[in-house]
Amino acid sequence: MTTEPPALHGPEFEADPHPAYRWLRENDPVHRVDLPGGAWAWVVTRHEDALRVLTDPNMLKDPARGHETWYRAGLGLPYDHRPSLVRSMVNADGPDHVRLRRVVSGAFSPRRVRTLRERAERITDELLTVIEESEEPDLVRDLAYPLPITVICEVLGVPEADRPEFRRQASVIDSASYDEVRAIAGATDWFDSYLGDLVDARLARPSDDLLGDLVESHRAGELSRDEVTSTAFLLLVAGQETTLALIGNMLLTLLRNPGAMRRIRDDRSLLDPAIEESLRLESPLQNATWRFPAEPTTVGGTHLEAGEPVLVSLLAAGRDPERYEDPDGFDPGRGAAHLSFGQGAHFCVGAQLARMEARVAVGAVLDRLPGLRLAVEEAELRWWPSMIMHGLFALPVEFDRRK
Ligand code: HEM
């Protein structure tokens, strides 16, 4: 075992980040990491400390305006500090956060999600028909990627004719590595101007979709125009890449655990707990949840000054042996709670939607692709080169074709 902290970047980490997080949990659970953008942050890897940071009212998103600039520059994220894209709930605290969140929470209620389910089933059915006929099927490219982005376009009200370009620009953002930040600034420019045009269109003509609701809130004086476009952009980014990673990571987990896949195929009551287990084991977000202490504080024995950036490592927390027995094992019947949708005031707004999409997509794969197996060696699979997100570029598979 090395005595040096492992790097949270580079080929070894990207191929499998879990050993690095194990080292940190055991040796340096509140770890100071230098970030590619030149900034630094504390990375919190133990479950207990992660839960504490997420739920502590002293831990804020933006105690002094300007921290969002740190976040983006520090992590080398492709979103610039432009008011039309960053004025959303995920960057807000207190009454501002409540106001920004209230406007969209109804759109993702269990009742609204039930009505979206039928649509998700139809989209999935069409995607699987293409997959069944495909010479080189890829469950990330052909299913995990198109399903969530099509659903979020429907929820927001992105016209069908615009969706191919919308998808293309979103995929530029999704697959960004730290080195490509500048190159993909064009995609954020595109979203900035596209979402601005959509808002103008809704201002001229109201519509019965989430963007229409946001524009009505703007008219009623509840949201600024920047908050409308920022919220739409957040929903796109937060709702798309994450769900894509959930579906892809879960399918890979099933391929690695054929016994568990058979159990779930035979007993569908295991599908929902298996989705939670997959979220715990291969959290789509690694270190995307950040906070700043409003006052000096101590986390896991480490002193933090006010305003110092803290990244909560959900991927590491999901495998903490202090919290989970056999933490690296996949047990669809485990039924344990996890932090992969966050916790506290910022708990994921779209958790029900993401779970529904995973249920529909994975259920359909189990129904329609008998004998499912990887078409390549596992070592050939490529993960996104990121310490923020945790998802696969591609998942090529084979299955028993119907004669
Ligand atoms: C917040 C994870 C899907 C919308 C969060 C947070 C996490 C998370 C960890 C907390 C962020 C924090 O505390 O800083 C996930 C995962 C998903 C998923 C793993 C899929 C598997 C979705 C979907 C949507 C969505 C489908 C909507 C379309 C949001 C929004 C927030 C959020 C708007 C901000 C909430 C707030 O700041 O109050 N998500 N999410 N997410 N998520 Fe999700």
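Two strands are taken to pair if DSSP finds at least two bridges between them. Helices (H or I, at least four residues) and strands (E, at least two) are DSSP runs, numbered from the N terminus. The structure described here is a predicted model, in which local features need pLDDT of at least 70 and side-chain atom pairs count only at pLDDT 80 or more, while totals for chains, interfaces and linings use all residues. Residues are numbered from 1 along each chain as its sequence is written.

Five strands form an open sheet in the order β1-β2-β7-β4-β3, with mixed pairing. Its edges are β1 (30–34) and β3 (59–60), each of which pairs on one side only. Helix α3 (residues 47–55) packs on this sheet and touches β1, β2, β3, β4 (289–293) and β7 (310–312), a contact being two residues whose C-beta atoms, placed from the backbone, lie within 7 Å. The direction of α3 makes about 120 degrees with that of β7; axes are lines fitted to C-alpha atoms, for helices over the stretch in contact, and angles run from 0 to 180 degrees between N-to-C directions.

Asp34 has Trp40 of β2 as its bridge partner, and His31 stands opposite Val43 in β2. The next pair, β2 and β7, runs parallel and is joined by three bridges; here Val43 is partnered by Leu311 in β7. Antiparallel pairing returns between β4 and β7, over three bridges, with Val312 in β7 as the bridge partner of Thr289. Finally, β3 and β4 are antiparallel over two bridges, and Met59 has Pro293 in β4 as its bridge partner.

A residue is called buried if 20 or more other C-beta atoms lie within 10 Å of its own, exposed if 12 or fewer, and partly exposed in between, with C-beta atoms placed from the backbone. Because five of the five residues of β4 are buried, this strand is largely enclosed by the rest of the structure. Both of its faces are covered, with Thr289, Arg291 and Pro293 on one side and Trp290 and Phe292 on the other. In a regular strand the side chains alternate between the two faces of the sheet. Strand β2 is also largely enclosed, since four of its five residues are buried. By contrast, Asp200 in helix α11 (residues 185–204) is exposed, with 12 other C-beta atoms within 10 Å.

Attention now turns to the ligand. Of the 25 residues around it, Gly239, Thr242, Gly342, Cys348 and Gly350 come nearest; a residue is near a molecule if its C-beta atom, placed from the backbone, lies within 6 Å of it. The elements giving two or more residues to this shell are α13 (225–256) and α17 (351–368), and α13 gives the most, with seven. The shell holds 16 nonpolar, eight polar and one charged residues, where Ala, Val, Leu, Ile, Met, Phe, Trp, Tyr, Cys and Pro count as nonpolar, Asp, Glu, Lys and Arg as charged, and the others, Gly among them, as polar.

Within α17, the buried residues include Leu353, Met356, Glu357 and Val360. Among the elements covering the buried residues of α17 are α7 (110–133), α9 (146–156) and α13.
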